Amino acid sequence: MFVSYNLENFGKELRKIRKKLGFSQSYVQETVGVSIDTIRKIESGRVVPRYDTLELLSVAYKQDLLELLKSCRANKFLMEFHDDLDYIITCYDKEAAANLKKRLEDNFSHDIQLSMINPSELKQFIEFVDAINAYYSVFTVDRENTKAKLINALRLTLPDFKLREYKKYTYSYIEFRILLFISLFIAKEGQFIFSNRILFYILKTISDSKYTTKYIDFLIINIYFNIAYNFHMLDRHAQVIEAADAGIAYCLEHRTYHALFSLYYRKGIAQFNLGDEDYLDSITTAFYILKAIRIPTLLKQYRKITEDKYGISIPLAQ
């Protein structure tokens, strides 16, 4: 991935941290051995600091300066579009998807913007947004064509990518998201076991990295939900509950409501199918979370499906 940094902003933040701690540049030099000249150059935004320099300065400044540098990426605003993407995937808002695609194209239409990112990553992102519409389409041909497009999108940055050899590659965040979405199209084809193999692989690989951001958290939670859904389609209800519980625990540990309602819902339906009377608690929790995060359209859809398909009616207090 091509990355550029706003070194001026990074330098200002570094200087602000140092002054807040009450440290002079000479004190920092004496403490960790980084020369005053290097500190001055970094604080003025004239150099990209070396990894080992940031490790040393992190000790003196009492925070992870590598993460601070990452936050000063000039192309980080592409990542920020993932917030909208997660909403669209969760709620499937066609209008929001169309608006997101337009904003992407408008924001990155100027040469100065394009110079800050890898154009292939932008193209991948736009292909991903288009894929959401196809995923929810009732037309099988749309889904087949889109899966092929997503595979080709991965080949923009992984030129020799072959789906059956998915384990041999090293993926970036957006590449993982595309691979996850490919697994959902595979599930649409009825290949739930193969879909789950891919999902478990992504989950293990990301978990082994021991690095987390809110975007990684959202990705992990989505994986747990889709694993649970695939097990639901395979009528493996005990495994649905296992995957849903793992996802719920992850949400609670990381203090996020992202997709929490869908995990409780999937757990509740599995409990219903197993004859576990606690299913009402799980489904009710799912509905109240939807109510709390104010997505009334989705709440209405979930309640209707639950009543029409399972004969379960759950009144909610006003």
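These are my notes on a few things I looked up in this predicted model.

**Ground rules.** I count residues from 1 along each chain as its sequence is written, and side-chain values use heavy atoms, with hydrogens and water left out.

**Whole chain.** I found 18 helices and zero strands in the protein chain; helices are DSSP runs of H or I with at least four residues, strands runs of E with at least two, numbered from the N terminus. Of the 318 residues, 47% are buried (under 20% relative accessible area; exposed is over 50%, partly exposed in between, with a 1.4 Å probe and protein chains only).

**Cores.** I looked up the largest nonpolar core, which has 82 residues (buried Ala, Val, Leu, Ile, Met, Phe, Trp, Tyr and Cys joined through side-chain atoms within 4.5 Å). Beyond four places in sequence, Ile202 is in contact (heavy atoms within 4.5 Å) with Phe176, Leu179, Leu180 and Ile223. Another core, apart from this one, has 18 residues, including Ile17 and Cys72.

**Ala292.** I placed Ala292 in helix α17, residues 279-292. Ala292 counts as exposed because its relative accessibility is 57%. From Tyr257 it is 35 residues away in sequence and 9.9 Å away in space, C-alpha to C-alpha.

Conventions: Predicted model: local features only at pLDDT ≥ 70, side-chain atom pairs only at ≥ 80, totals over all residues.
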